[in-house]
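This briefing was prepared for a reader with a structural interest in the chain shown below. Please consult the sequence and the model alongside the text.

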Amino acid sequence: HIPVTKLFFLALRTAAKPIAQELKKKSTSNATLKRICHGIGQSFHKFQTILKVKTAGYNVGSIKPAEESVAVKLGGEVISEFFLFSLASGIVIYEYQSSASKNAEKAKSLEEKISKEKAELKNQLSAINARLDEIENKVYGSK
């Protein structure tokens with residue numbers, strides 16, 4: 001059978017990159033998205049700057065805010081990357097849960113099969129014991 005789910009996720013991954021690119025483009029033209037990207041970009045700029053200064057071994061003083069266009073572009077990139085990461089994470093989580101579910105079904109099926117075989121062996125053993133009792137009665141007579 002055709003793995004429809006896998007084909008769907010492949011199509012989703014393929015479509016995700018152009019969607020992420022469109023998010024970046026819209027971050028400069030859509031006023032609401034621009035405001036959100038600006039805030040995210042400024043926060044990310046601060047984070048990057050603090051990280052660079054601290055790893056260089058210096059203490060962080062005040063951080064000059066990024067220019068608006070730079071902050072909006074950086075925020076757009078962060079949102080775009082977060083979108084791709086979220087999508088990929090969601091797919092991995094779904095596939096893991098699906099695999100775990102299939103493994104649980106296989107384990108349950110195997111347990112049922114073992115249980116049936118045990119019952120069948122018990123019945124066969126009972127039949128053998130009954131037959132043995134019958135043979136002993138014929139050979140030794142009933143007691």
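This is a predicted model: local features need pLDDT of at least 70, side-chain atom pairs count only at pLDDT 80 or more; totals for chains, interfaces and linings use all residues.

Residues are numbered from 1 along each chain as its sequence is written, and side-chain values use heavy atoms, with hydrogens and water left out.

The protein chain contains three helices and zero strands, in the order α-α-α from the N terminus. Helices (H or I, at least four residues) and strands (E, at least two) are DSSP runs, numbered from the N terminus.

**Overall form**

- The radius of gyration of the protein chain is 34 Å, whereas a compact globule of 143 residues would have a value near 15 Å. The radius is taken over C-alpha atoms, and the globule rule is 2.2 Å times the number of residues to the power 0.38.
- Along the principal axes, the C-alpha atoms of the protein chain fill a box of roughly 105 × 45 × 20 Å.
- Among contacts in the protein chain with a separation of 6 or more, 73% are between residues 24 or more positions apart; contact means heavy atoms within 4.5 Å.

**Surface and charges**

- Of the 143 residues of the protein chain, 13% count as buried. Buried means under 20% relative accessible area, exposed over 50%, and partly exposed in between (1.4 Å probe, protein chains only).
- The protein chain has an accessible surface of about 11700 Å², and carbon and sulfur atoms account for 61% of this area. Accessible areas come from the Shrake-Rupley method with a 1.4 Å probe; for residues, only the protein chains shown count as cover.
- There are 23 positive and 14 negative side chains in the protein chain, and the centres of the two sets are 10 Å apart. Lys and Arg count as positive and Asp and Glu as negative, while His and the chain ends are not counted. The place of a charge is taken as NZ of Lys, CZ of Arg, CG of Asp or CD of Glu.

**Salt bridges**

- The whole structure holds four salt bridges, each defined as a side-chain nitrogen of Lys or Arg within 4 Å of a carboxyl oxygen of Asp or Glu.
- One of these joins Lys-26 to Glu-22, with the closest N and O atoms 4.0 Å apart. Both residues lie in helix α1 (residues 4-29), four residues apart, which is about one turn of the helix.
- Lys-26 is partly exposed at 40% relative accessibility, and Glu-22 is likewise partly exposed, at 36%.
- In helix α3 (residues 68-140), Arg-131 and Glu-134 are three residues apart, or about one helical turn. Their side chains meet in a salt bridge with an N to O distance of 2.9 Å.
- Glu-134 also forms a salt bridge with Lys-138, the closest N and O atoms being 3.9 Å apart; these two residues are four residues apart in helix α3, about one helical turn. Through shared partners, the salt bridges join Arg-131, Glu-134 and Lys-138 into one network.

- Ser-80 belongs to helix α3 and counts as buried, with 1% relative accessibility. Apart from neighbours within four places in sequence, Ser-80 is in contact with Ala-20 and Lys-24.
- Leu-87 is also placed in helix α3. With residues up to four places away in sequence not counted, Leu-87 touches Leu-12 and Ala-16.
- Leu-87 and Lys-25 are 62 residues apart in sequence, and their C-alpha atoms are 19 Å apart in space.
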